[in-house]
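Thanks, everyone, for making the time.

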Amino acid sequence: SAHIDILADFLVDAKIQQDKGLFLHSRTGPFHWGRANGFAALGLTETLTYMPDDHPKREAIVSMLSRQMTAAQEFQEPSGMVRQVVDFPGSYQEFTATSMIGYALARGLRLGWLDPSFRETVDLAWRGISERIDGQGGIIDACTGTGNGETLRHYLDRPALTGEDDRSGSMALWFAAEMERLRRQSPVRSA
């Protein structure tokens, strides 16, 4: 459809992905904010979900997703989490970005867009998210909404929410549903 073509043209031709695979928050906020990368991962994933298999720009978008997930894997914390500023050591481990990137990993694995070597990465992300949700649905360390910032300090000082948060909870539900689909397709085997 014409809408898919417009979207594909924008994603491929705008050259918004950085060389190392991550996305900036914006041109005026030139930092690899976690949630911006989460939204980019969602956008690529949803585009591929609805794009015909024979679309001429499909492979380019699959490549963008793979490059971004490779970068996310490189910066993933041992806990499984993605940081508030993805490539800044010491930045807090952010719930929402991890949920969105985890969702993209799980769907990409399930539908064959990503190499099976990402399975350990998504399982680790799921463990990190699962450990940060309490029995009442409260979460730990979700960044508040963030406008563009011109300094790294703007992103590092964003408050982290703990407790109920609709936005973060909904992203965790997306991730949970996709992990369940992935596990039904290819269950994890214990050693």
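This is a predicted model: local features need pLDDT of at least 70, side-chain atom pairs count only at pLDDT 80 or more; totals for chains, interfaces and linings use all residues.

Let me start with a question: which residues in α4 meet which residues in α5? On the α4 side they are Phe95, Thr98, Ser99, Gly102, Leu105, Ala106 and Leu109, and on the α5 side Arg119, Thr121, Val122, Ala125 and Ile129, where contact means heavy atoms within 4.5 Å. Residues are numbered from 1 along each chain as its sequence is written, and side-chain values use heavy atoms, with hydrogens and water left out.

Two packed helices are described by the angle between their axes and the distance between the axes. The axes here are lines fitted to C-alpha atoms, for helices over the stretch in contact, and the angles run from 0 to 180 degrees between N-to-C directions.

With that in place, α4 and helix α5, which covers residues 119–130, pack at an angle of about 145 degrees, with their axes 9 Å apart. α4 passes α5 in a left-handed crossing; a crossing is left-handed if the near helix is turned anticlockwise from the far one by less than a right angle, and right-handed if clockwise. By class, this contact has 7 nonpolar, 4 polar and 1 charged residues, where Ala, Val, Leu, Ile, Met, Phe, Trp, Tyr, Cys and Pro count as nonpolar, Asp, Glu, Lys and Arg as charged, and the others, Gly among them, as polar.

On to α3, residues 58–75, and α4, residues 95–110: their axes come within 11 Å and cross at roughly 125 degrees. That makes α3 oblique to α4, given that angles under 35 degrees count as roughly parallel, over 145 as roughly antiparallel, 65 to 115 as roughly perpendicular and the rest as oblique. This crossing, too, is left-handed. Leu65, Met69 and Ala72 in α3 meet Ile101, Ala104 and Leu105 in α4, and by class that contact has 6 nonpolar, no polar and no charged residues.

The next pair is α2, residues 34–50, and α7, residues 166–185, whose axes come within 13 Å and cross at roughly 40 degrees. α2 and α7 are therefore oblique to each other, and α2 passes α7 in a left-handed crossing. Arg35, Phe39, Leu42 and Glu46 of α2 make the contact with Arg167, Ser168, Met171 and Trp174 of α7, which by class gives 4 nonpolar, 1 polar and 3 charged residues.

Not counting residues up to four places away in sequence, threonine 47 touches Leu7, Leu11 and Ile61.

Now the salt bridges, of which the structure holds 14, each being a side-chain nitrogen of Lys or Arg within 4 Å of a carboxyl oxygen of Asp or Glu. Lysine 20 forms one with aspartate 87, the closest N and O atoms being 3.0 Å apart. This pair links distant parts of the chain, 67 residues apart, with lysine 20 in the loop between α1 and α2 and aspartate 87 in the loop between β1 and β2. Aspartate 53 and arginine 58 form another, at 3.7 Å from N to O; aspartate 53 is exposed, at 68%, whereas arginine 58 is buried, at 7%.

I will finish with backbone geometry. Most residues other than glycine have a negative phi. Lysine 15, in the loop between α1 and α2, has a positive phi near 55 degrees, and aspartate 141, in strand β3, has a positive phi near 65 degrees.

Notes: Helices (H or I, at least four residues) and strands (E, at least two) are DSSP runs, numbered from the N terminus. Buried means under 20% relative accessible area, exposed over 50%, partly exposed in between (1.4 Å probe, protein chains only).
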